[in-house]
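Hello,

Please find it below, followed by my notes on it.

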Amino acid sequence: MSRVLVLNGPNLRRLGVREPDVYGARSFEDLTAVCRDAGRRLDLQVDVRQTDDEAEMIAWVHEAADARLPIVLNPAAFTHYSYALKDALAQRTAPLIEVHISNPAGREEFRHNSVVASVATGTIAGFGFMSYVLALQAIAELLAEQ
Ligand code: DQA
């Protein structure tokens with residue numbers, strides 16, 4: 001069974017209490033369950049993590065590059081300014097799907113730019129937790145093509 005890291009950046013552990021009008025009423029634990037369920041259906045071993053710490057996120061990206069693991073990544077606010085994360089992601093050795101719960105293109109101006117998009121295989125945004133399920137489906141298909 002292929003392993004996939006599902007990495008989540010700052011403030012995403014506060015799903016459910018954080019701006020529920022934007023991110024919905026479900027919690028991070030609910031998101032973890034949704035990803036694990038999708039993984040079971042797709043025959044993927046899904047490892048869901050969250051950090052508010054840029055250094056920890058970069059260490060996980062290095063771990064994935066060294067182990068050739070695909071990543072589903074919601075970089076949260078790092079999306080918009082972290083060149084350090086972008087440089088780490090550029091070292092990837094397997095598919096990388098950028099995901100967002102909301103649709104950043106329809107929100108404030110500063111959210112319109114993603115500094116990591118150019119090093120991702122692709123981006124899925126605006127579908128709530130379904131963004132993660134769609135990304136895991138894409139990973140499963142990309143792995144099957146290899
Ligand atoms: C987000 C969108 C980002 O702009 C924001 O900083 C987040 C969450 C999303 O999932 O919609 O923290 O990545």
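Notes on the structure

Ala-33 sits in helix α2, which covers residues 28-42. Please keep in mind that the model is predicted. With a relative accessible area of 37%, Ala-33 is partly exposed, because that value falls between the 20% and 50% cut-offs. Val-48 is 15 residues away from Ala-33 along the chain, and the two C-alpha atoms are 9.3 Å apart.

Fold and dimensions

The chain contains five helices and five strands. Read from the N terminus, their order is β-α-α-β-α-β-α-β-β-α. The C-alpha trace extends over about 40 × 30 × 25 Å along its principal axes.

Of the contacts between residues at least 6 apart in sequence, 76% link residues at least 24 apart. Buried residues make up 49% of the 146 in the chain.

Surface and charge

The accessible surface is about 7100 Å², and carbon and sulfur atoms account for 49% of that area. As for charge, there are 14 positive and 19 negative side chains, with the centres of the two sets 3 Å apart.

Two further positions

Ser-82 is located in the loop that runs between β3 (71-74) and α4 (83-89). Its relative accessible area is 1%, so Ser-82 is buried, the cut-off being under 20%. The side chain of Ser-82 comes to 3.0 Å from the backbone nitrogen of Leu-85. When residues up to four places away in sequence are not counted, Ser-82 touches Glu-54 and Val-115.

Ala-140 belongs to helix α5, residues 130-145. Its relative accessibility is 17%, which means that Ala-140 also counts as buried under the 20% cut-off. Apart from neighbours within four places in sequence, Ala-140 has contacts with Leu-42 and Leu-44. Leu-42 is at the end of the range given above for helix α2, residues 28-42. Between Ala-140 and Gly-9 there are 131 residues of separation in sequence, and their C-alpha atoms lie 23 Å apart in space.

Regards

Definitions and conventions. Residues numbered from 1 in each chain as written. Predicted model: local features only at pLDDT ≥ 70, side-chain atom pairs only at ≥ 80, totals over all residues. Heavy atoms only, no water. Helix = DSSP H or I, 4+ residues; strand = E, 2+ residues; numbered from the N terminus. Buried < 20%, exposed > 50% of the residue type's maximum accessible area, 1.4 Å probe, protein only. Contact = heavy atoms within 4.5 Å. Areas by Shrake-Rupley, 256 points an atom, 1.4 Å probe, with all protein chains shown as cover. Lys, Arg positive; Asp, Glu negative; His and termini not counted. Charge placed at Lys NZ, Arg CZ, Asp CG, Glu CD. Polar contact = N/O pair within 3.5 Å; in protein donor to acceptor, adjacent residues only side chain to side chain.
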